[in-house]
Amino acid sequence: MTDTLIKNAQFVLTMDDQDRELQDIDLRLKDGVIIEIGQDLQSTGDVVLADRCLVTPGLVNTHHHLYQTLTRAVPGAQNALLFGWLKTLYPIWQGFGPEEMFVSAQVGLAELALSGCTLTSDHLYLYPNGARLDDTIAAAHEIGMRFHPTRGAMSIGESAGGLPPDDLVEKETAILADCIRVVDAFHDPKEGAMTRVGIAPCSPFSVSRDVMRDAALLARDKGVMLHTHLAENDEDIAYSLEKFGCRPGQYAEDLGWTGDDVWHAHCVKLDDSEIGLFARSRTGVAHCPCSNCRLGSGIAPIRKMRDQGVKVGLGVDGSASNDIGNLMLEARQTMLLQRVANGADAMSPREALRIATRGGAEVLGRTDCGQIAVGKRADLALWPLDEIESAGSWDPAAILLAGPCKAQHVFVEGRQIVRDGHVISIDLETALRTQRKLAEKLAQ
């Protein structure tokens, strides 16, 4: 395995239990783990000079739809609310197949890596023309990113009152059977795992009550996590009240969708009682501020959630609703929106960055990631402090106020996947060329 020394880091934000902030320090990485932190350390392996860098834990992305990197800025969906946006894009997504899933995941993961991300989830809930979750897992393996894909699903098509075309939904028995297959094939529960798998019906308005309940039972039987969209906007709340006779939080609780092994995306419209429920049950939230802004969904009450003890991580969401898969920009937007809603002292840059690192790791159940400490996984992002974005900054750790949004170096499990601002684990130029051809074909 690799043995690497990060030498003389100018500043290190550890995000450990003591929130230590270190200066002029070395980090030694070996066999995928941080084994030493101190000064004047020695190594027989590679040495990376970090004397003009801020080092943070690798950022953690708790919600994405990687396949959407092929459908950015689609006309007709640029100015739509959630339900109209979906109705515009579903027919396009029907044209996807295994190659589209693989290439879009490759490009989306590379984009995340360049933004300092080392661990990402993915929510794939449609499988047209033979596409499988396996396609995105293969892409993550090539990039070298720690991956938490979730086997999503839709079972209610237009003919049954749902939003997606009937051709994009699956039979419920087939959904559960494939959930079992992918968990058995790919899920690794061990510490340091590079791949874990979750079960993730798309949303309460795209699957039946039976699928939601059975998915929860299956996940607990298999020991994997649960994920879905919840309380995303006013349309979502109205649908829940009309169809289920209750708010989304109660619907989730009734079907077993609360607990330490569950995280929900968006949660923009959670009320006080639902926030209390999530805090008591240790249910996690994937906050997606840029996507929420883009779709006009609102500002999620993250300050209130954090104050009550809800686990919160960040998500870039899909590139058809965010358009940019940059997790550092997501952290900055989180900070800014909470200040807009609650005042300039509502969230510091350090707290927003902690949500993007340690917070996301906690949401995904990864106590081995999200912090810089001896014995934790060697997932690190190094940020250049000698470029124009940081010029004149009095506080290099306040990177969300004055600093780069693109990492200089990124390590996952001690292996370097970004060097000098370039992805080195795949031929990105070839992947981008293929992606352009596939996008053009879909547009035609």
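Is D379 buried or exposed, and what is the relative accessible area of D379?

Modeller: This is a predicted model, in which local features need pLDDT of at least 70 and side-chain atom pairs count only at pLDDT 80 or more, while totals for chains, interfaces and linings use all residues. Residues are numbered from 1 along each chain as its sequence is written, and side-chain values use heavy atoms, with hydrogens and water left out.

D379 is buried, at a relative accessible area of 4%; buried means under 20%, exposed over 50% and partly exposed in between, with a 1.4 Å probe and protein chains only. The side chain of D379 meets that of R146 in a salt bridge, N to O at 2.8 Å. D379 sits in the loop between α12 (349-363) and β14, whereas R146 is in strand β8 (residues 146-153), so the pair links distant parts of the chain, 233 residues apart; helices (H or I, at least four residues) and strands (E, at least two) are DSSP runs numbered from the N terminus. R146 is buried as well, with a relative accessible area of 0%. A salt bridge here is a side-chain nitrogen of Lys or Arg within 4 Å of a carboxyl oxygen of Asp or Glu.

The whole structure holds 36 salt bridges. Another of them joins R52 to D386, with the closest N and O atoms 2.7 Å apart. This pair also connects distant parts of the chain: R52 is in the loop between β4 (46-49) and β5 (53-57), D386 is in the loop between β14 (380-384) and β15 (409-412), and 334 residues separate the two. R52 counts as partly exposed at 47% relative accessibility, and D386 counts as partly exposed at 45%.

A further salt bridge is formed by D323 and R294, whose closest N and O atoms are 2.8 Å apart.

T150 is buried, its relative accessible area being 0%. Neighbours within four places in sequence set aside, T150 is in contact (heavy atoms within 4.5 Å) with D122, H123, L124, Y127, L133, G198, A200, H227 and W263.

L133 also takes part in the packing of helices. Together with D134 and I137 in α3, L133 meets R181, V182 and F186 in α4. The axes of helix α3 (residues 133-143) and α4 come within 11 Å and cross at roughly 25°; axes are lines fitted to C-alpha atoms, for helices over the stretch in contact, and angles run from 0 to 180 degrees between N-to-C directions. The two helices, α3 and α4, are therefore roughly parallel to each other, where angles under 35 degrees count as roughly parallel, over 145 as roughly antiparallel, 65 to 115 as roughly perpendicular and the rest as oblique.

On α4 there is a second pairing. The axes of helix α4 (residues 172-186) and helix α5 (residues 209-222) come within 11 Å, crossing at roughly 20°. That makes α4 roughly parallel to α5.

L86, in helix α1 (residues 82-93), is buried with a relative accessible area of 6%. Beyond its neighbours within four places in sequence, L86 is in contact with W93, Y125, L163 and F205. The C-alpha atoms of L86 and L163 are separated by 7.6 Å, although the residues are 77 apart along the chain. V423, in strand β17 (residues 422-423), is buried with a relative accessible area of 12%. Residues up to four places away in sequence not counted, V423 touches A110, L114, I417, V418 and L428. V423 and A110 are 313 residues apart along the chain, and their C-alpha atoms are separated by 6.6 Å.
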